[in-house]
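Please open the structure in your viewer and keep a selection tool at hand. The stops below move from a single side chain to the strands around it and then to a helix.

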Amino acid sequence: MRDMLLIALYAFLGAAAAGLLGAWVLLLVRRRSLSLHLTVVAAVGVTAMLAGTLAVAQAMFLSGHDLRVVTTVVLMAAVVSLATALLLGRWVAARSRALALAARSFGDGGDFTSPGGPTTAELDALSRELEATSARLAESRERERALESSRRELVAWISHDLRTPLAGLRAMSEALEDGVAADPARYLRQIRTEVERLNDMVGDLFELSRIHAGTLALSPSRISLYDLVSDALAGADPLAREHGVRLVGDRVAAVPVEVDGKEMSRVLGNLLVNAIRRTPADGTVAVAAEDRAEGVVLSVTDGCGGIPEEDLPRVFDTGWRGTHARTPPAGAGLGLAIVRGIVEAHAGRATVRNVPGGCRFEVVLPSAAS
C-alpha cells in the first residue's frame with residue numbers, strides 16, 4: 001500500500017509540473033487561435049503523462065531498456081494526440097470563420113443564414129441564437145420602415161389639412177379687415193368653426209404624442225359600460241341627425257369595467273364619429289356590449305360598405321385614411337390611432353373586420369374584478 005501511495009505521489013508531482021508549465025503557456029497564447037490552444041492542451045496532457053511516467057520510472061529504478069520502451073509508447077501517443085488536436089482545432093476554427101462571415105451579412109442589413117455542415121453543439125446553439133436575433137432585427141426594421149412611412153404620410157396630410165383652413169381664415173379675416181364682407185356675422189361663425197377644427201386637430205396630435213411617448217396618465221375607476229355608452233350616444237346624436245344616420249344601442253349589457261372614464265369616452269366618441277361619417281344617409285350605426293370569456297367586448301358597426309381586405313391591417317395606423325371614397329372632408333386620420341393607443345393602455349385590444357354592408361370595430365377590455 002505504501003508503494004502505491006509513493007507511485008501516486010511521484011506521478012502527481014510530475015504531472016503537476018507539466019500542468020503548471022502548460023497553464024503558463026496557455027496564458028502566453030491566450031489571444032492566439034483555437035487550433036493552438038487545443039494543441040497546447042493536448043501537449044499538456046501527453047507531457048503530464050510522460051512526466052509522471054518518468055518520475056515513477058526513476059523512483060522504481062527501471063532498466064534503461066524498459067524506460068526507452070515506456071518513453072517510445074508515450075511519444076507515439078503524443079504524436080497521435082497532437083495531430084488529432086491540430087486537426088480538430090483547424091476544423092473548429094474553419095466553422096467559426098464561416099459563422100463569423102454569416103453573422104457579418106445580417107450585421108450589414110441582410111438576413112442571417114446558418115452555414116451548412118456539421119458543427120459543435122456550442123456553435124450550433126450560437127447559430128440558432130443568431131438566426132433568432134436576425135429574425136427579430138428583420139421584424140424591427142420592417143416596423144421601423146412602416147412607422148417612418150406612416151410618419152411621412154401623417155406630416156403630408158397634416159400639412160394639407162392645416163393649409164386649407166388657414167387659407168380660409170386669412171381670406172375671411174382680410175375681408176373683415178377691408179370691410180368688404182357682405183355678411184360679417186356669417187364670416188365670424190365660419191372663423192369660429194375653422195378655429196374649433198384646428199383646435200380639435202391639435203388636441204388629437206397632443207393626445208397621440210402622449211400615447212407614443214408612454215406618458216398617457218390613466219385614472220381608472222369602476223363604472224358601468226351601459227352608462228358610458230349612453231353618454232357617448234347622446235354626444236354623437238346631433239352629428240347622426242345631421243348626416244341622417246340612425247344610432248342603435250339596445251344591445252348594451254350593464255357590465256362593470258375598470259377604465260378611465262374620460263379616455264374611454266374619447267374612444268367611443270372617435271368610433272361613433274368615424275362610423276357616422278362613413279355611413280350613408282338612412283343608414284344605421286349599432287353599438288353593442290357584452291361580457292365574454294376573453295373580456296368585455298364593445299362593438300360599433302357601421303354601414304360603410306366594407307373596407308378592402310388589404311387595408312384592414314392599416315386601419316389603426318397613424319394618419320391612415322383609406323380610399324378617397326372613405327375619406328371625410330375633415331380629420332387627419334388620427335382618431336383610430338388614438339383609439340388603439342388608449343385601449344392598449346387599458347391592457348385591451350382594438351380590432352376591425354368586415355360584416356355584411358359595413359365593418360365592425362371591436363374593443364376588448366379586461367373584465368372588472370368582482
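Begin by selecting E362, which is found in strand β7, a strand here being a DSSP run of E with at least two residues and a helix a run of H or I with at least four, both numbered from the N terminus. This is a predicted model, in which local features need pLDDT of at least 70 and side-chain atom pairs count only at pLDDT 80 or more, while totals for chains, interfaces and linings use all residues. Residues are numbered from 1 along each chain as its sequence is written, and side-chain values use heavy atoms, with hydrogens and water left out.

E362 is buried, with a relative accessible area of 10% (buried means under 20%, exposed over 50% and partly exposed in between, with a 1.4 Å probe and protein chains only).

Next select β5 (residues 295-301), which is largely enclosed by the rest of the structure because seven of its seven residues are buried. β5 and β7 pair in the antiparallel sense over six bridges, pairing requiring at least two DSSP bridges, and L298 has V363 in β7 as its bridge partner.

Finally, move to helix α8 (residues 335-345), whose buried residues include L336 and I342; just after α8, A347 takes a positive phi of about 65 degrees.
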